[in-house]
Amino acid sequence: MELLNVENLTIRFGGVVAVNEVSFSLKSGETLGVIGPNGSGKTTLFNLLSGIYQPTSGEIVLAGKATKGMRSDEVFHLGISRTFQNGRLFWNLNVLENIMMGMEEVRNSKLFGSLFGTKKEKIIQEKAIDRAFEIMKIFGTLLTSQAHKASKDLPYADRRRLEICRAIASKPKVILLDEPSAGMDGVETETLMNDLIKVKKAMPDLSIIVVEHDMAFIKGLVDKVMVLDYGKRLAYGSFDAVAKDENVIKAYLGQGDGAC
Amino acid sequence: MIKILLTELLGYLLFLVFVYIEEPILVVAFIAAMAIAGITLKKRAGLLLQELEKTYVENIGKVGLIAVMIALTIPFAIMGDSYWLQILNFMMLNAMMALGLNFMTGRAGLICLGYAAFMAIGAYTVGILTLKAGISFWIALPFAGVFASLFGVILGLPALRVKGHYLALVTIAFGLIVQELLLNLESVTGGTNGLIDIPSPHFLGIDMGTTVNFGFMSMTYQANFYYLCLALLVLTTVVIYRFSNSLFGLALNAMREDQLAAQCYGLNLTNYKLLAFAIGAFFGGIAGGVYAAMINFIAPENFGYSLSIIVISMIILGGLDSIPGALVGAFFLTVFPEKFRAFEDYRVMFYGIIIVLCLLFMREGLLPFKHRIFKPKTAARGEEN
């Protein structure tokens, strides 16, 4: 059964059609790579999926529920969490707290409980801290050893790791990774790849949609690839099929009439 | 434990000395000496100070308890000096407001430049309920807080759509609107004349507006209010502390850091913003209610824009999002100016200078909030060893 169904998704900003009739679907545990040049609508697609933008037309259905008209916090509760292209951690909060912010318990805590410091509240807090450490352990001691640091004091690669941890803390059905390798060198990118494979191993039911510039980066990671260009779906299918697609090569490598 | 007791007693002693010196030149010399001592201590014995700070942070409950014990003795230590008692009362009301505003602005990141409006609403609630409806002060006071909270929500609703500078403008407008309403709803609020002869509260049959005679010494009415303010300030601090150091406080912090990311991580921004406004405003209302009953006279001009600025300069001086910072900021900015009454006209300028200097040279304030709400257990254990 399909977990996520996106059909004819379209959004217009004035005269610009940023995402144009895009359709795809995703099974539980599957990974989809979304690639395309700058300005091709990848991040806009993510903003639509996570409820930041409302589509002009088209539908997003997650596990049988249409997300139309939902705010991003409601979409999050349905089971879609995301990372951001430029990294939007809670900079002055420490690593532990950043991960806790991904958890359901944090938002379910009651005012009464926090005012009187009830036992129930304390147990919730303890459990949340313990679980945050378990999530951090996906990356060995890289994050656990820095758990007390403010997230703004982390090295770049660890910030990315932290973002991923925060995104999976809510036990989502789908996570959206917006250019996780942006600004990283070759070695760091490779480490990140391995990190993502670790996440997939730790959470086999998790579906991932990852936006990337670089085809090579996602090769070993994805089950399917979708190529966007000017908001349109240019190609969609297995990695090998897409990589051979003429249109993709044209758009990507700039071979063709209009290339400069 | 001993360290805490001794340092707090030292602070208390210095404060008493400060209260007793009258000569302006001596006061300036005293403040200068304190500042120099503070700076040299920081330079020469930085480690010692850090250790002291850690002791304070780890035993925050005891620190508070000892401070309250000491505070209980103040009316006797200054021998019922009604003038200074009144200043301390104002200080404590200011501290309550600073705590409330700090919750909104420091913790939740919602800038509010109209906080005086909440105090006004609390004051007029108590004034009208006790004067015109004849309701007891003790029943009217919670209403003062609740009404202020309601207005906090009313302010919050339009504020939901705006951020940053625009939110600041909306809150300024809110403060002005409330003041104008108080001026123009003459039949209820008395307009420019304000409300006169607001009755003093009665406690155990004693009129709190009269002098209490202990036999060996008598205390002016300010002492009664001193203990009332102290009790309310302690309550306020505990409530704000509990709210701040919880998962709820953490969520507000996250909202302050990045609203969009917080929403994408499931925070219902509407609920959290309105709650932050309501909780923050509540304490402004309570402070206003006590003010009305203590002064027995309120008028719209007492709750102008400058009061909002004074409260915000307190939290900037103390350190945004820092509870001890708000208390210390309120203390300094209420007590110090009293020694310079001769320069009363320049008072608001003084607050302006404080804000500018803080933002330029001390962005985190006197007592910055460095200690996060939740700490990893292993690291905490490591620090203790």
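This is a predicted model: local features need pLDDT of at least 70, side-chain atom pairs count only at pLDDT 80 or more; totals for chains, interfaces and linings use all residues.
Residues are numbered from 1 along each chain as its sequence is written, and chains are lettered from A, with ligands numbered from 1, in the order in which they are written.

View 1. Chain A holds 11 helices and 10 strands, where helices (H or I, at least four residues) and strands (E, at least two) are DSSP runs numbered from the N terminus. Its radius of gyration is 19 Å, close to the 18 Å that the globule rule gives for 260 residues, so chain A is as compact as a globular protein of that length; the radius is taken over C-alpha atoms, and the rule is 2.2 Å times the number of residues to the power 0.38. Along the principal axes, the C-alpha atoms of chain A fill a box of roughly 70 × 40 × 35 Å. Of the 260 residues in chain A, 45% are buried, a residue being buried if 20 or more other C-beta atoms lie within 10 Å of its own, exposed if 12 or fewer, and partly exposed in between, with C-beta atoms placed from the backbone. The mean pLDDT of chain A is 86, with 96% of the residues scoring at least 70, but the value is below 50 over residues 256-260 of chain A, a stretch that has 2 contacts in the model beyond near neighbours in sequence. Here pLDDT is the predictor's confidence in each residue, from 0 to 100, and two residues are in contact if their C-beta atoms, placed from the backbone, lie within 7 Å.

**View 2. The contact between chains A and B.** Chain A gives 33 residues to this contact and chain B gives 27 residues. On the side of chain A, the elements that contribute two or more residues are α2 (72-78), β6 (80-82), α3 (95-100), α4 (104-108), α5 (111-116) and α6 (119-136), and the largest share, 4 residues, comes from α2(A). By class, this side of chain A divides into 13 nonpolar, 13 polar and 7 charged residues; Ala, Val, Leu, Ile, Met, Phe, Trp, Tyr, Cys and Pro count as nonpolar, Asp, Glu, Lys and Arg as charged, and the others, Gly among them, as polar. The model scores ipTM 0.88 and pTM 0.88.

**View 3. The two domains of chain B.** Chain B is assigned domain 1 (1-77) and domain 2 (81-384), with bounds that come from an automatic or database domain assignment. Taken over C-alpha atoms, the centres of domain 1 of chain B and domain 2 of chain B are separated by 24 Å. Their contact takes 7 residues from domain 1 of chain B and 10 residues from domain 2 of chain B. Helix α4 (residues 60-77) of chain B supplies the largest share of the domain 1 side, 4 residues, and that side has 7 nonpolar, no polar and no charged residues.

**View 4. An open helix and an enclosed helix in chain B.** Helix α2 (residues 24-44) of chain B has 21 residues and should span 30 Å at 1.5 Å a residue, which agrees with the 30 Å between its end C-alpha atoms; the expected span is 1.5 Å times one less than the number of residues. The number of buried residues in α2(B) is 0, so this helix lies largely in the open. Helix α6 (residues 116-131) of chain B, with 16 residues, reaches 22 Å from its first C-alpha to its last, close to the 22 Å expected. In α6(B), 15 of the 16 residues are buried, so this helix is largely enclosed by the rest of the structure.

**View 5. Two residues of chain A with positive phi.** A:Lys171 has phi near 50 degrees, a positive value in a residue other than glycine, and is placed in the loop between α7 and β7 (174-178) of chain A. With 15 other C-beta atoms within 10 Å, A:Lys171 is partly exposed. A:Tyr230, a residue other than glycine, has a positive phi near 50 degrees and is found in the loop between β9 (224-229) and β10 (232-237) of chain A. A:Tyr230 has 16 C-beta neighbours inside 10 Å and counts as partly exposed.
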